[in-house]
Amino acid sequence: RMVWTTYRAAVGVRVAGGLAIGLGTAGVVAIAPVPIDASVVVLAALMATASGVTELGYAALRSIGRVRVEAGLLVAERAVFLVVGLLLVLGGAGPMAVLGLYVATNAVSAVIMGLAVRRNRPDDELASDPMFDVEARWTAAGFALVTVSPRIGPVLVALFASATAVGV
């Protein structure tokens with residue numbers, strides 16, 4: 001009975017966090033002496049945010065035993081990305097076009113999942129529990145460490161080394 005209200009609250013947190021971290025990182029990259037354009041970071045942040053919102057939709061529907069939309073959407077999204085991405089690359093488009101396509105396919109999936117969760121909300125829904133209780137804060141901190149820690153080295157190499165060093 002809380003699936004829609006909890007989903008909406010979680011989406012708000014995910015979007016706010018994704019945009020804050022993404023735009024903050026883009027700002028740092030824009031002023032730091034690194035060979036990366038801030039627009040790449042913005043696109044990556046949008047992709048991560050849209051992907052995260054899609055995952056929230058999957059989790060919301062899984063929690064009530066509904067996985068049909070997820071199963072179909074996973075295949076459809078990846079098929080569209082593969083076919084259109086191949087056409088872009090064969091047509092001479094660069095990595096920014098492919099990244100933009102990935103953002104677009106993730107955003108479409110996020111919208112579809114949001115509509116699917118909304119469609120499955122009950123008539124007698126309840127308010128969601130708080131998003132930032134003590135357990136949630138510890139879980140978020142642990143997840144951040146597990147997610148960020150293995151990526152720090154490769155990111156630093158990519159930011160401060162030559163293309164050859166990154167390739168090696």
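These legends describe close-up views of one predicted model.

The model is predicted, so local features need pLDDT of at least 70 and side-chain atom pairs count only at pLDDT 80 or more, while totals for chains, interfaces and linings use all residues. Residues are numbered from 1 along each chain as its sequence is written, and side-chain values use heavy atoms, with hydrogens and water left out.

**View 1. The largest pocket and its lining.**
The largest pocket holds about 1800 Å³ of space. A pocket here is an open set of points on a 1 Å grid over the protein atoms alone, where a 1.4 Å probe fits, with protein on both sides within 12 Å along at least five of seven lines. Its volume is the space filled by probe spheres set on the points, which are joined across faces, edges and corners. Lining residues have an atom within 4 Å of a point. There are 40 of them, and I21, F143, A144, T147 and V148 lie nearest the centre. Helices α1 (3–31), α2 (38–63) and α5 (134–160) each give at least two lining residues. Helices are DSSP runs (H or I, at least four residues), numbered from the N terminus. The largest share, 15 residues, comes from α5. By class, the lining has 26 nonpolar, nine polar and five charged residues. Nonpolar means Ala, Val, Leu, Ile, Met, Phe, Trp, Tyr, Cys and Pro; charged means Asp, Glu, Lys and Arg; the others, Gly among them, are polar.

**View 2. The salt bridge between R62 and E70.**
The whole structure has one salt bridge (a side-chain nitrogen of Lys or Arg within 4 Å of a carboxyl oxygen of Asp or Glu). The side chains of R62 and E70 form it, at 2.6 Å from N to O. R62 is partly exposed, at 42% relative accessible area. E70 is buried, at 11%. Buried means under 20%, exposed over 50%, and partly exposed in between (1.4 Å probe, protein chains only).

**View 3. Helix α2 and the residue G65.**
Helix α2 has 26 residues and spans 37 Å from first C-alpha to last, close to the expected 38 Å (1.5 Å times one less than the number of residues). Just after α2, G65 takes a positive phi of about 75°.

**View 4. N106 in helix α4.**
N106 is buried, at 3% relative accessibility. Beyond neighbours within four places in sequence, N106 contacts M47, A50, S51, T54 and E77 (heavy atoms within 4.5 Å).

**View 5. R119 in helix α4 (residues 95–119).**
R119 is exposed, at 62% relative accessible area. Its C-alpha lies 24 Å from that of A16, 103 residues away along the chain.
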